[in-house]
Amino acid sequence: MSITNTQWKRLAECAKLVGRHADSLSHLKREMTSRKLPELYDDCSKIRSDLLDATLHDVLPYQEYSIGKTRKFMPQSYHLIYFHSATRLSSLFPDGTDPLHSPGMPFTRRMWAGGDITFDGHLQFQSFAFLRCKDSIKDVEIKGNEGDEKIFVTIERRIGYMAKIGRHLFADGDPVLENRKLVFLRERPRPLDTPASATNIIKHPHEPQARHTFIPSPALLFRFSALTFNAHAIHLDKKYCQE
């Protein structure tokens, strides 16, 4: 879904003020947490689930797959390949990300900063009804010194069923609750003759209960990005990742 003219005006207004110190950017938090995001609906076709099964089959051998078989419930985390905003190409930022959760210019570099998912039951594949995803920006944190601010945006996603009463649809429970945290940074172009910085190794905060290591191929990255409708350059452009 393309962002409205009113939202673009708000982003432009924010861009005029982002040069100030983080303490003076409280207006940005108010604007973003009050932003009305579109509700997303999906029929959650099992066909896409089968395509994800086929994509992961050779790299996650311990996963239970049911390609082409009858499956009543959606595997946990498979909701990630559904509920995408139909953002036009012309509305994407240069890195391929959509503007729905963005603070606006000059914070055009988006990165993943963490998240968690709570399952209160299972999503069921339905051939007769839509499922709903309701997005909202729950919190905005601004960290860093003037000129080097980082804007952390917490997004809540509630995913559940739609019940039909007469001619009307109503939300009927949210079996999946997901919190996403994104960080937005200023664009900092690097001269062509400047070597890329050393690799930063991010350590996990807790010892994992399970561990599996593999090197994704370009084909896997393309197919997963297509299924998740994610055009972020960090998924597709090795040079972008290194720089």
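Trainee: At its relative accessibility, does Phe 229 count as buried or exposed, and what is the percentage?

Mentor: This is a predicted model, and Phe 229 is found in the loop between H4 and helix H5 (233-236). The cut-off for exposed is over 50%, so Phe 229 counts as exposed, with a relative accessibility of 53%.

Trainee: Where does Ser 77 lie, and what is its phi?

Mentor: Ser 77 belongs to the loop between H3 and E2. With a relative accessible area of 31%, Ser 77 falls between the limits of 20% and 50%, and therefore is partly exposed. Ser 77, again a residue other than glycine, has a positive phi, near 80 degrees.

Trainee: Which residues line the largest cavity?

Mentor: A search of the whole structure finds one cavity of 30 Å³ or more, and the volume of the largest cavity is about 50 Å³. By kind, its lining divides into five nonpolar residues, five polar ones and no charged ones. The lining residues are Met 74, Pro 75, Gln 76, Ser 77, His 79, Phe 119, Gly 121, His 122, Leu 123 and Val 176.

Trainee: Which residue does a cis peptide bond join to Met 105?

Mentor: The bond has an omega of about 5 degrees, and the residue in question lies in the loop between H3 and E2. The partner of Met 105 in this cis peptide bond is Pro 106.

Trainee: Is Leu 92 buried or exposed, or does it lie in between, and with which residues is it in contact beyond its neighbours within four places in sequence?

Mentor: Leu 92 is found in the loop between H3 and strand E2 (109-119). Leaving aside its neighbours within four places in sequence, Leu 92 is in contact with Thr 87, Thr 97 and Asp 98.

Trainee: How far apart in space are Leu 92 and His 232, C-alpha to C-alpha?

Mentor: Along the sequence, Leu 92 and His 232 are separated by 140 residues. In space, from C-alpha to C-alpha, the separation of Leu 92 and His 232 is 9.5 Å.

Trainee: Against which helix do the buried residues of H3 pack?

Mentor: Helix H3 covers residues 46-56, and its buried residues are Lys 46, Ser 49, Asp 50, Leu 52, Asp 53, Thr 55 and Leu 56. At the start of H3, a side-chain oxygen of Ser 45 comes to within 3.1 Å of the backbone nitrogen of Ile 47. The helix against which the buried residues of H3 pack is H4 (218-227).

Trainee: How many helices and strands does the chain have, and in what order do they run?

Mentor: Starting from the N terminus, the elements follow the order α-α-β-α-β-β-β-β-α-α-α. In total, the chain has six helices and five strands.

Trainee: What percentage of the residues of the chain count as buried?

Mentor: The chain exposes about 15,500 Å², of which carbon and sulfur atoms supply 55%. Among contacts between residues at least 6 apart in sequence, 71% join residues at least 24 apart. Of the 243 residues of the chain, the share that count as buried is 37%.

Methods:
Residues are numbered from 1 along each chain as its sequence is written. This is a predicted model: local features need pLDDT of at least 70, side-chain atom pairs count only at pLDDT 80 or more; totals for chains, interfaces and linings use all residues. Side-chain values use heavy atoms; hydrogens and water are left out. Helices (H or I, at least four residues) and strands (E, at least two) are DSSP runs, numbered from the N terminus. Buried means under 20% relative accessible area, exposed over 50%, partly exposed in between (1.4 Å probe, protein chains only). Contact means heavy atoms within 4.5 Å. Accessible areas come from the Shrake-Rupley method with a 1.4 Å probe; for residues, only the protein chains shown count as cover. On a 1 Å grid over the protein atoms alone, a cavity is a set of points where a 1.4 Å probe fits but cannot get out, and a pocket is an open set with protein on both sides within 12 Å along at least five of seven lines; lining residues have an atom within 4 Å of a point. Grid points are joined across faces, edges and corners, and a volume is the space filled by probe spheres set on the points. Ala, Val, Leu, Ile, Met, Phe, Trp, Tyr, Cys and Pro count as nonpolar, Asp, Glu, Lys and Arg as charged, and the others, Gly among them, as polar. A polar contact is a pair of N or O atoms within 3.5 Å; within protein, one must be able to donate a hydrogen and the other to accept it, and residues adjacent in sequence count only if both atoms are side-chain atoms.
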